[in-house]
Structures are given as structure tokens and as C-alpha cells.
Amino acid sequence: MYKRRRFNKAKLLLCWKRLRLALGDTFLEYAMRTRVSGIWLLRPSKTHAVTKFIWSSLLLSLFSLAVYLSLQLWLKFYSYPILNTIANDVAITDVPFPGVTVCSPKVINVDRVQRFIDKLNIPPQYDKAKVAKGFDYLNAFTDQTWLSTNSSSYNETFQVLLLNNISAYEAAVAVSAGCDDFVKRCFWGDREFNCRQKNQYLSFSPTTSYLGPCCSFNFHPQNESYVPFSSNTFGVDGGLSFIGVEGSERDTSTGLIVLVHHPMDFATEAASSVTITSNSESFIEIYPTVQAASKEVLELPPKKRDCLSDYEVSDKTYRQAACILECESHTILEKCHCNPYQLPKFSMEKRMCHLNDSECYSRNFDNFKSVRCENCLPNCHDVTYNTLAYKTDILRHNYSVNHFHKRLNYSADMFVVHIFLSRQVVPSIHKVTVMSWIGLLSDLGGVFNLCLGLSMISVVEFIYYCTYRLKVNYKMRSLLMQT
């Protein structure tokens, strides 16, 4: 055993000696024949001692610099691969007109509550005053500042609604203002149309938003195949105008909220909002921005490009707003085991929240709105809408800038709203890659050429000497040592 170990050790030392000599022979051969700048100075016949040490140190330093710069280029390519470019090159005909949703900040209207109660079948053991008071708990689903009155009146209201087979959504629609109040006369450009006509484009329809029951234009969530239309004109004379009232029968100072959003998106807190009041003519300028991604960007992983396309999800059309809403609805289901009446229902298995779920929803409201939905990335191709609003007093001069309003008899609770695109062209933010793989290779080649004068053929030559020529020299040394 001891002799075998000594034999193996001697054999390893002999192999190492052959390899060391073969490396020396290969390096001398490489230095004699290579065209790489500086290597030829390392020949024994050219430099000696200190000069060779200085020149070797310089080459190693330049090689280290090239490696460092290459790593920086790679980190830039890997960590920050996207660059946003801005251009004004998209016509408004290629951009969908936004969805417009009109809502009241107050869900409950006292007079409507009283009329609604008169239509209900209320057993004698229930107090109508308490039943009316219980409708206030509908505000818990839409009002962030809502506070419970520590009253059990919602129990009686809840029981009455169950007895009459009325859901929370139906009750909210019945006791709040709606399309018949918000919009009385509607105009597209200089042409008037019926506000409630059966037209998928030029009409207002009842919807909901995060504020509760609302009225929407160019937004039809019940129609999954709906294709939004585009406007071919811009300016105040080429958009949507409508005349309406607040819908509050006693207090006309509450105002209304106009939400401007993508026509495929449910109106959430992220939508641009404008408050309009009675006795005013409001002008809302729309500033769309198109967002797009190049083919090279779409080839990157979703987390790197920070966006998703339709073909990457199972649904027909991917929308970030819908993804976030679905994510929030799962959190609400975990906490309160129901789906709020004003939010879309993503699963038929979920029950709709009742009045007795209002306190749970209000208590966890902040948690619902702060939930992190990391998988809901922005759309790679999208349109966002910003607004600029201003208004005038129409009662002061009994005058409107539009000719079709001249013969109107304005009332104290009336308002006029104009919503229009402000420009003929739309800015586009185009995502492109900072550099492609070809660009990265070119930059890497430039770095090594700058520091060492290397090219691709130099790399191939180096690999050739490190493999084939080293093997040949190793065999030659083995033959020489044997003889």
C-alpha cells in the first residue's frame, strides 16, 4: 500500500512537470505568433526582469479593467433593460375616447328612502323610522370616513330587505340618484342624442363605481365584446356635452363627481376625477397618453419589463385595473366572506354583501385598499387619461359658449358639462430596450478592443492555443521526457 501511494505521487508530480513545461512552450509559441498587442513583448528575447514584470502588470491591469467594464455593461443590460422614449405621433382617431362615469358622493337620498319604504312590505313589528335609518349602512361600502352609529337599526332593515327579496345593490339603486337625474340632455359635438337610447356608443347606462351607483358613457361592463369608439375631432365643439341636475331633492350643494377612465376599466380611485356643482358650466379637457412596448421589450420576462400583454394571461383581455379589483375582492372574501354590491363580481360562487356585513367592510377598509397585488403588472399597450378642468357660473349671465344651450331656462340645481380631447395628436411613451444582445456584444468587443486590442479572432486564437496546441505540446514533452 505504501509503495503504491509513492508510485501514484511520483506519477502525479511527473504529470505536473510535463504540464508546466507544456504551458511554457505553448505561451512562448503564442507570444511568437499572436497579433494581440503587447503579448510579443513578453518573449524572453524582448524583455527581461523588471521590464517584463512591469509589462506583465500593465497587461493584467488592463485585462482587469476590461473585465470590470464588461461587468458594468452586463449589469446595466440585466438590471435596467428598459428605456422610455416620448413622441407626439399618435392621432386621436387611434385612441379610444375615455369612459365617463358620473356619480353622487352621497349614496343615500332621504326622500328616495322614504318613497322606497312606502313600496316595501314591512311587518307591523318593525318600526319604519328604524328601517329608514338602517339604509345609512349602505354608505359603509363607499364612504371611507363612514362611522357606525352603534345602532342595531340595520338588523331591521336587513330583515325587511330579505323579506322583500331585495339585494343590497337593488336597495342602493332605489335610494340614490341615477342616470335619469344626472343626465337630462346629451350632445355629441353639435348633435343632440337621446341620453338613454339603446346605442352601445352614444348613450348613458346605469353602472357602479367605487362611489356606488353611477351613470356611465362609453362603458359597458356587461358586454365583454364591447369595442370602444374613437373621436375624430378635438376641442370643446367636438366632444361629449350633457346637461343634468345633481339628483338631490333638498340639498343642491353636494355636487357630483365625474370620473374619466379607460373605457374597458371599472372606475376606481385611480381614475381621474373632477367635481362639478350646480349652477355651473364645466369644461373637462382630456389628455390621453399612449403606452406601447417594442418587440424586443416583449421578449424580456414580465418582471423585467414591468408589464403584461393579453396573450400572457388566460383571460381574453388583460387589464391591470381588473386584476387589482379581483385581488382586492379575494382579500374582502377572506375577511368578510362576501362581495360588496358596488364592485364587480368575479365569481358566481361569492355571495353579495348584506347590510349586516357593512361594519366588517368598514372596519377593514384600509386593509382592502392597501393590499399588494404583485402579479397585477401594468399593461404593455395601454392608454391613460389625465384631465384639466375649469368652470363658469351660468346663472350669472344665463349664457353658454355652445349655441344649442342658448334657449335653455337654467334652474338653480342645473349644470352643463363639456368633455373633450384637447389636442389632435397624442403623446406616446414607447418602451424600448437599452441595448439588444447584438448591441451588448458590440459594446463588450469595444471594451476589450480599447483595453487590449482584442477581437473575436483573437479570442478564437487564444482558445486554440489553450486547447489544441497545449495538448500537442504536452504530448511532445511526454515523448522527450521518456527518451
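Of the 483 residues in the chain, 45% are buried in this predicted model. The fold is built from 15 helices and 13 strands. Among the contacts in the chain with a separation of 6 or more, 76% come from residues 24 or more positions apart.

Two packed helices are described by the angle between their axes and the distance between the axes. Helix H3 covers residues 110–119 and helix H6 covers residues 168–175; their axes sit 8 Å apart and meet at an angle of about 120°. Angles of 65 to 115 degrees count as roughly perpendicular and those over 145 as roughly antiparallel, so H3 and H6 come out as oblique to each other. On the H3 side, the contact is made by Arg 112, Val 113 and Phe 116, while H6 puts in Ala 171, Ala 174 and Val 175. Sorted by type, the residues of this contact are five nonpolar and one charged, with no polar ones.

Turning to burial within H6, the buried residues are Ala 168, Ala 171, Ala 172 and Val 175. Looking down the axis of H6, these buried residues fall within an arc of 100°, so they line one face of the helix. An α-helix has 3.6 residues a turn, so residues three or four places apart point the same way.

Key. Residues are numbered from 1 along each chain as its sequence is written. This is a predicted model: local features need pLDDT of at least 70, side-chain atom pairs count only at pLDDT 80 or more; totals for chains, interfaces and linings use all residues. Side-chain values use heavy atoms; hydrogens and water are left out. Axes are lines fitted to C-alpha atoms, for helices over the stretch in contact, and angles run from 0 to 180 degrees between N-to-C directions. Helices (H or I, at least four residues) and strands (E, at least two) are DSSP runs, numbered from the N terminus. Angles under 35 degrees count as roughly parallel, over 145 as roughly antiparallel, 65 to 115 as roughly perpendicular and the rest as oblique. Contact means heavy atoms within 4.5 Å. Ala, Val, Leu, Ile, Met, Phe, Trp, Tyr, Cys and Pro count as nonpolar, Asp, Glu, Lys and Arg as charged, and the others, Gly among them, as polar. Buried means under 20% relative accessible area, exposed over 50%, partly exposed in between (1.4 Å probe, protein chains only). The arc is that of the directions from the helix axis to the C-beta atoms.
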